Amino acid sequence: MDNKDTGSCCQPDSKADTDQFIRMIDLNRNSHAPVIRETTSTISFRDRSDHFLARLGVNRMGHIVEPGIYRLGNPDADSPVFVSANYTLSFDALRSSLAGIDCYILVIDTKGINVWCAAGKGTFGTAEIVYRIRWSGLSDIIKHRNIILPQLSAPGVSAHEVRRLSGFNVEYGPVRARDLPEYLKTHTATPEMRRVRFTFRERLVLTPIELTHIVLPTLIAALILYLLAGPFAAFIAILIAFTGAVLFPVLYPFIPTQDFSTKGLILGAIVTIPFAATIAAGSELLLWERIVAVLTTFLLTASVTAYLALNFTGCTTHTSRTGVKKEIFRYVPLMALMAVTGMLLLIILGITRLMEVI
Amino acid sequence: MFDSYNENTLQYYPEKCINCLMCTQVCPHGVFTGGGEHVELKRPSSCMECGACAMNCPVQAIEVQSGVGCAWAMIRAALRGKDMDSADCCCNGDSC
Ligand code: SF4
Ligand code: SF4
């Protein structure tokens, strides 16, 4: 079927297409459009505490906004329409950036997942948008045929397909919602607005969730090390966790290699230095024991930090799958070798100490 | 030192391009820039294989095997004997 853009003021001629499409993806056609809800651009204390919990990863699936059309300010039939994910952090970032702008927000169902991740999974995608446009009766609420999507939803959405299936024109707004007021003046984004940056602050915000991921394994490792080699070793385990979950995310852009694994190895080696010095200066151990202890500390710290560093690739916004896969094949065997050697040395050290005591 | 990120699966066929500039708008890493008759592949090694450009190119002038570059999910998939490319994951990143 030939579907030309019929211009923004005319009825799209792709209605039949949409019907067929909706039948094809088997959506419940009996569910009717919801009421238009009201929202504001104010972020309340309750919103803030919700954001805090969401960042900590508490109740991962509970930070959900009801899908549907929201009215911000006093919009009319010519007001802009913004599309948002139904994750509270995404929705709140959008509405708080739109202070003083009369508009509609169409919240689609991304299962409570943020724009970028939902686009990657395809839930913030062409099918969901076309469906929500129809379901919400958007074409009766506004006269124009334009919707503004966050740029980061583009991996999941095909703009020309949305237009073909719904008659609505997709416009990609800037990456960050806070650039929207500037963007709206001309409806063009500067190259800077189009670029993803992984800033110091954004990296810092990720650290609590990184920490909660590894609390349990760290405590177990610390306990085992405490029994094997005393409080000093247990402390090192906690330090490794802190290095991998907080220091690495914050500092990695300043480590001069490209690969995350090598960045991790370097950072791990650096944090080992004070411990190595302490051990080397300690007098209660024999010389060979000291050498083995320093080696063990280095091997374990560097390999575990490198592993945590490699795993951080999923949280960044610039690593390609091809590259990450290459890193895995290149460095994981090395990390495993280092870790196993380190563990063996540690056990040898623990046994000799035990023998001495006896 | 090795750089695992200097190669990727991004393919661009300039002869197909109709210069709609969509790819320059959706790419979060400035990989494409507007040129004369067609866009230019300016910084191919910055591509993170998100797939946005290929999804939004109306004439399939761009191809890329998109996927999430997440070591954790890929290692887990590999350990379970699954295809590493099937892995998908995401941290709680709230880039938007
Ligand atoms: S796949 Fe993503 S990062 Fe790569 S060129 Fe396309 S839009 Fe840019
Ligand atoms: S989206 Fe496709 S047709 Fe449009 S400028 Fe980019 S490569 Fe060319």
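**View 1. The residue shell around ligand 2 in the predicted model.** The shell around ligand 2 comprises 12 nonpolar residues, one polar residue and no charged residue (nonpolar: Ala, Val, Leu, Ile, Met, Phe, Trp, Tyr, Cys and Pro; charged: Asp, Glu, Lys and Arg; polar: the others, Gly among them). Of the 13 residues around the ligand, Cys17(B), Cys20(B), Leu21(B), Cys23(B) and Cys57(B) come nearest; a residue belongs to this set if one of its heavy atoms lies within 4 Å of the molecule. This is a predicted model, in which local features need pLDDT of at least 70, side-chain atom pairs count only at pLDDT 80 or more, and totals for chains, interfaces and linings use all residues. Residues are numbered from 1 along each chain as its sequence is written, chains are lettered from A and ligands numbered from 1 in the order in which they are written, and side-chain values use heavy atoms, without hydrogens and water.

**View 2. The interface of chain A and chain B.** Contacts (heavy atoms within 4.5 Å) link 59 residues of chain A with 48 residues of chain B. About 4700 Å² is buried between the two chains, 57% of it from carbon and sulfur atoms; buried area is the accessible area (1.4 Å probe) that two parts lose on being put together, summed over both. In chain A, His160(A), Arg195(A) and Arg321(A) lose the most area to chain B, together 15% of what that side buries.

**View 3. The salt bridge across the interface.** One salt bridge is found between chain A and chain B (a side-chain nitrogen of Lys or Arg within 4 Å of a carboxyl oxygen of Asp or Glu). Lys326(A) and Glu7(B) pair through their side chains in a salt bridge, with an N to O distance of 3.8 Å.
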